[in-house]
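Thank you all for coming; I would like to walk you through one structure this morning, beginning with a strand and its neighbours and then turning to charged pairs.

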Amino acid sequence: MSDVRVRGAAAAARIRVVRPGELDAGEIARWRELRALSGAPANPFMEPEFSQAVGRVRPGARVAVIGGDSGGPVGFFPYERGPLGQGRAIGFGVSDSQGPVLSAEHTLTAGELLRACSLSSWEFDNLEAGGGLFVPDAAEAFDSPVIDIGQGYEAYEAVLRAGSPKFFRTTTAKERRLARQAGEVRFVFDERDPAALRTLMEWKSAQYRRTGRRDRFAKKWISTLVRQLAADRPDRAPGCSGVLSVLYVADRPVAAHFGLRSRTVLSCWFPAYDTGFAKYSPGLILHLRMAEAAAGAGIGLLDLGRGAAEYKDALKTGELRVYEGASVRRGPRAALYRLSREPSRRAHSFVRNRPKLAGYAQRALSQVGRLRDR
């Protein structure tokens, strides 16, 4: 743990850097209070439980606790620090919402906060729109599709029937045909069978390989993090707990999703399905069932996560804004960061913003996936 007083524009600020597991009950309560006061959706990735979960599997995870004039915390900044002082958002690579948690009282600049944390840079790829301290350093902005079920599932279904009538009719017809041809369809919103989670992870790993992408579950810290979060329950971790939803046919799982929930937001994270049932679109059936069950559980928003996909376009009712980029302090390490990260980021951006080129790239990745599985 370190204790740093920041001088200059934020002379009153004292910053204490701790491991996430070292936060005390008062600090966790204050973190939740600041999130509630922010008016932003209660995204579970932004809650203290997520940082604490990452802290159990990532040794470089830290939280900067920012003090104020009154002595109590006016902000929290979760991050991971690399060996050369290069920082990233906590859980970078799997976290779908990132940024500091700050009150209006804070007077810090991004540079002052990074210096207090001994960071030469801080990289993000899903910075929350309210993370104003770092938004000016963003290189790109993206829409994160969401499903608003705050008025109940019936109201959402009415939106689908009006805005995407063909999609809704086709998906519900496929569910009926699935039941006729394969057996009784059953849905479990909060499945606690570890075997179902293992099946989902196997499907997802196969999907990553099939599409030529990096298998996230091949990283031990990610698979361990998912299993630990799956063991949490909303009564023990109200801000961030795992929810495994499974669609069964004749008691056989055909689609599943593992996400994180707070009291009011479900963040969609890892969806996958049995490719043997692809003609029935079990993933789409699953998402509609999830929306219905989530609304019944008091959840008002499903965050589908950044990234273009036809199913997201069909299901969404709106978008949230997220940002990608990095805040870099001046100095020799800033040049090192730009040399190591910027060319790759710009190349990805160039391809992503050109649909025809992105299509070629996707076909090439899929070909790599097929060759890898031979």
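I will call a residue buried when its relative accessible area is under 20%, exposed when it is over 50%, and partly exposed in between, using a 1.4 Å probe and protein chains only. Helices (H or I, at least four residues) and strands (E, at least two) are DSSP runs, numbered from the N terminus. What you see is a predicted model, in which local features need pLDDT of at least 70 and side-chain atom pairs count only at pLDDT 80 or more, while totals for chains, interfaces and linings use all residues. Residues are numbered from 1 along each chain as its sequence is written, and side-chain values use heavy atoms, with hydrogens and water left out.

Let me start with strand S12, residues 265–273, which is mostly covered, since 8 of its 9 residues are buried. Two strands are said to pair if DSSP finds at least two bridges between them. Strand S11, residues 252–261, runs antiparallel to S12 and is joined to it by 6 bridges, with Leu260 standing opposite Ser267 in S12, and a hairpin of 3 residues connects S11 to S12. S12 also pairs with strand S13, residues 301–303, this time in the parallel sense and over 3 bridges, and here Leu266 stands opposite Leu302 in S13. Between S12 and S13 the chain passes through helix H8, residues 282–296, in a β-α-β crossover that is right-handed, meaning that, with the strands pointing away from the viewer, the path from the first strand over the helix to the second runs clockwise.

Now to the charged pairs. A salt bridge here is a side-chain nitrogen of Lys or Arg within 4 Å of a carboxyl oxygen of Asp or Glu, and a search of the whole structure finds 16 of them.

Which residue forms a salt bridge with Arg30? The partner is Glu33, with the closest N and O atoms 3.1 Å apart; the two residues are 3 apart in helix H1, residues 25–38, and so are separated by about one helical turn. Arg30 counts as buried at 16% relative accessibility, whereas Glu33, at 41%, counts as partly exposed.

Arg32 and Glu49 also meet in a salt bridge, at 2.5 Å from N to O, and this pair links distant parts of the chain, with Arg32 in helix H1 and Glu49 in helix H2, residues 48–55, 17 residues apart. Glu49 is buried at 9%, while Arg32 is partly exposed at 33%.

Finally, Arg35, Glu47 and Glu128 are linked in a network of salt bridges.
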